[in-house]
Amino acid sequence: MIIKKILEKYLKGENISENLKNLEFNKAFPEIACLKNVMQDKIYHPEGDVLTHILMMIEVLDINERNENIFWSIIYHDSGKFLTYPTFKNHEKKSVEILEKNKFKLNLKDDQIEEIKKLILHHETILKLMLNNSINEESVKKLSLEVNLKDLLKLYKCDVLGRGYKNNYLELKAIDEVEKLYNLQTKTYEL
């Protein structure tokens, strides 16, 4: 199956952009292929369409940071933008619905699907915390109880770096702040 080969290449750190654009992938995953036609805000997403954004995200992480849940979260995180264009309001909820409808193709365990759904639902949470100036111990603790925070930080890093927008210093700083607070909390619990 094509997706198994693509996933293996991704986990090995190989470039898979061409694999995600080929006809076989497009036939197997039309819910992702159609994102080529969904244009985004030119300021924050100068790369243009959602599929290009996903392809850029795929290449962000080093091989040791990659895992299957991150892969599927990247692939599906903005899939709901097709259904919510042009406002993209609640696109993360629609993305989860699309993942749920297509989960049989992914050959994943139920607990993996649940983790991926949480990552998709929260993929903009760090941005929202940053914009609301509410990155603090309490918000990080609450978020870590809802989602695998380490994977969420990786997904958000991909989201930030996987686009043409270069003025991303504040978002990268927010990732560092959340990670530091989380690491402090986990060290405290270990003592």
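**Close-ups of a predicted model**

**View 1. Val178 sits in helix 13, which covers residues 169–190.** Keep in mind for every view that this is a predicted model. Leaving aside residues up to four places away in sequence, Val178 touches Ile126, Ile135, Val140, Leu149 and Leu153. Take Ile135: it lies 43 residues from Val178 along the chain, yet their C-alpha atoms are separated by 6.7 Å.

**View 2. Here helix 1 (residues 2–11) crosses helix 6 (residues 68–76).** Their axes come within 10 Å and cross at roughly 115°, so the two helices are roughly perpendicular to each other. The crossing is right-handed. On the helix 1 side, the contact is made by Ile3, Ile6, Leu7, Tyr10 and Leu11; helix 6 brings in Glu68, Ile70, Phe71, Trp72 and Ile74. Sort the residues in this contact by class and you get nine nonpolar, one charged and no polar.

**View 3. Now zoom in on the rings: the model has seven aromatic pairs.** Tyr10 and Phe71 make up one of them, a tilted pair with 5.1 Å from centre to centre and 45° between the planes. This pair links distant parts of the chain, with Tyr10 in helix 1 and Phe71 in helix 6, 61 residues apart. Are these two buried or exposed? Tyr10 is buried, with a relative accessible area of 0%, and Phe71 counts as buried at 0% too.

**View 4. Step back to see one aromatic cluster.** Tyr10 and Phe71 belong to it, along with Phe25, Phe29, Trp72 and Tyr76.

Notes
Residues are numbered from 1 along each chain as its sequence is written. This is a predicted model: local features need pLDDT of at least 70, side-chain atom pairs count only at pLDDT 80 or more; totals for chains, interfaces and linings use all residues. Side-chain values use heavy atoms; hydrogens and water are left out. Helices (H or I, at least four residues) and strands (E, at least two) are DSSP runs, numbered from the N terminus. Contact means heavy atoms within 4.5 Å. Axes are lines fitted to C-alpha atoms, for helices over the stretch in contact, and angles run from 0 to 180 degrees between N-to-C directions. Angles under 35 degrees count as roughly parallel, over 145 as roughly antiparallel, 65 to 115 as roughly perpendicular and the rest as oblique. A crossing is left-handed if the near helix is turned anticlockwise from the far one by less than a right angle, and right-handed if clockwise. Ala, Val, Leu, Ile, Met, Phe, Trp, Tyr, Cys and Pro count as nonpolar, Asp, Glu, Lys and Arg as charged, and the others, Gly among them, as polar. Rings of Phe, Tyr and Trp (its six-membered ring) pair if their centres lie within 6.5 Å; planes under 30 degrees apart count as stacked, over 60 as edge-to-face and the rest as tilted. Buried means under 20% relative accessible area, exposed over 50%, partly exposed in between (1.4 Å probe, protein chains only).
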